[in-house]
Amino acid sequence: MHRSEGLAARGFLVFALGALVCGALFGVIGSWQHVIPGVVDAVPFVKSRPLHVSLVVAWIFMAAIGGIYHYLPQIAGVPLHAPRLVWVHLVLFMLTGLAVITSYFMGRFGGREYWEFPPVLGIPIVIGWLLLLYNFFATVRGRQGPWPAYLWMWATGLVFFLFTYLEAHLWLIQRTGDNAVRDLTVQWKAYGALTGSWNMLVYGTSMVVMERISGNARPARSRAAFLLYALGFTNLLFGWAHHIYPVPSATWLRMLAYGISMTEWIVLARIIHQWRATMDAAHSGPRSMSHRFLFASEVWVLLNLALALLISIPAINLFTHGTHITVAHAMGSTIGINTTILFASVCFIANGHATRTMRIGFALFNGALALFWLSLIGAGAVKGWYTVMTDLPFQTIMQQLRPFLIGFAVSGFGVFAGLMVLTGLALRRLNAREEKVVVSPERSKGSAEVRISPVSLDEGPM
Amino acid sequence: MNAPFRDAHVGFGAIHRRVIFFGLVALFVLQTGMTWTLSTDVDDPDAHFSTAAYRGRALYQAFNCTACHQLYGLGGYMGPDLTNVTSDPDKGRAFAKGLILHGTTRMPALGLTDTQADDIVAYLEAVAATGTYPVRSLDLTPWGTYTQMTHAQE
Ligand code: HEM
């Protein structure tokens, strides 16, 4: 790999971590604004929420993109097709990010959920994405033989993100004869596939890291990997209407989504079936930070998938829709699964062996996240029950949730602190590049990736 | 260590994968076209966005009401769902407009003008004409669905 493009890929990771820190900070502010109305006047909730959501989504995308730019040349066995475009992409993303943050602080919105900034700022995002798409496909063209599952996942995630991003902006041109139901339906069709796309990018990354750690190329080419991919893809395409069961859109759309969503029980059953092996693998041999993160992500996949499946059953969704259980689902997955996998990748790229501080940060992060998740589920269950079963006014219902919202805000501090420790260490390791290939004997004890160091993978014909 | 990095040939070939892949994509294209055109059975003329409702929708976004409010349960969680606020017999148009203009101790006054508030109310009225949320009854079916999901409610 060229030094310069490697540097740009790391640039993505560094800025991704920066976005995570800032985003999580605004999350902490937002959570306390639920408990103490009006606290942190300088950034009221109408600003802290979009700052939080956009920044943490930026973390997921930038960390995934940085990983793709980093691993792609190794996977393709050829250098990136256009290394300079990586820099262009990075600079474009950073400038856009800055413009988005500025517009939020100035109270200039105009977009919709997740992209609440003025829609013109979407143009550089699309251009940057096109550069990535071009670089990706031009580079993998040089690769011989059928693609492993993770390349399919990445390609799918990359193409579909572009599509859904454009679809999420269709409202800009639809100016007559519409109604709220179609408007919401098209919007959430786009968002359903949007989260599906970033999951493709993240799960693809997880598979790559796993392959790199184990040195075993089989799993990513196995029949099971492709079946899981096909299932994920089908859900991305047709499962989105589980977000809008109560919206009176065409019935077939929502019934289709219900049926498709239930196919994920197969995935859940498979995870449970293999749990023994997962636990054994987790407890055997030397464990690097990447190992730990990947293992933690499997636990979170199990918990969040079970929750997602339950709330995809309309009769249960009736109680959970529009409550904090949806937030538990959103943050449980974006933090527990996506963030955890991306940390595994960042630690792998930064060659992060498990130091004591890192292990403490890891434990704090996961422990606090568990409380955070449970508090949100508790809050959502109470809100859902009172909303559906009683006619109590909104503020009265919110009073009943208060203990849970306090638990949420307090454990949010823990999640934030854990993230800070992990981010700080990851940034330090990312910056200490020269050390990366030095394999000292005591380090190799704690770190399995030394056995297949990134250097030898660089050279290997794939 | 490079040896294992060969593509394992497993029963399921690349050709099959491509057929399935493009088959799914074709179905998706079909579904997309149908969603954009046929996704709603709403036929109440009040539900169609008027020019004022379009302006109201843009203002709803410009002031980021969605940070705190939901429509059909979709949005932020600090404030109440607004789907039927204008059609609720205890609340209604004037109540909604008053809140939008002046806020409460919990909802900030966002500095909208009188005409802007009227436009947002027009938007909320168009939303209210599409249906009812939340569903407050327990008519569950053995299939895990509920009756109101498939039958428009009154
Ligand atoms: C550090 C601790 C964090 C705290 C205290 C926190 C707090 C919050 C709050 C208050 C909301 C708004 C909920 C509402 O509308 O009432 C929210 C939403 C959200 N957060 Fe976080 N957050 C944290 C970390 C994260 C991280 C690390 C991610 C992802 C990487 C994330 C992803 C999201 C998403 C996707 C939403 C939107 C949820 C929805 O609309 O359903 N959060 N968070």
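A nonpolar core is a set of buried Ala, Val, Leu, Ile, Met, Phe, Trp, Tyr and Cys residues joined through side-chain atoms within 4.5 Å, where buried means under 20% relative accessible area with a 1.4 Å probe, protein chains only. This is a predicted model, in which local features need pLDDT of at least 70 and side-chain atom pairs pLDDT 80 or more, while totals for chains, interfaces and linings use all residues. Residues are numbered from 1 along each chain as its sequence is written, chains are lettered from A, and side-chain values use heavy atoms, without hydrogens or water.

Let's start inside. The largest nonpolar core holds 170 residues, and A:Trp59, A:Trp115, A:Trp129 and A:Trp154 have the most contacts within it. Helix 2 of chain A gives the most to this core, 18 residues; helices here are DSSP runs (H or I, at least four residues) numbered from the N terminus.

The iron atom of the ligand has A:His52 (NE2) and A:Met331 (SD) as protein donors, 2.0 to 2.2 Å away; donors are N, O and S atoms within 2.8 Å of the metal (3.2 Å for Na, K and Ca). A:His52 lies in helix 2 (residues 45-76) and A:Met331 in helix 13 (residues 324-349) of chain A, so the pair ties together parts 279 residues apart in sequence. Both A:His52 and A:Met331 are buried.

Finally, look at where the chains meet. In contact (heavy atoms within 4.5 Å) are 98 residues of chain A and 66 residues of chain B.

Definitions and conventions:
Helix = DSSP H or I, 4+ residues; strand = E, 2+ residues; numbered from the N terminus. Buried < 20%, exposed > 50% of the residue type's maximum accessible area, 1.4 Å probe, protein only.
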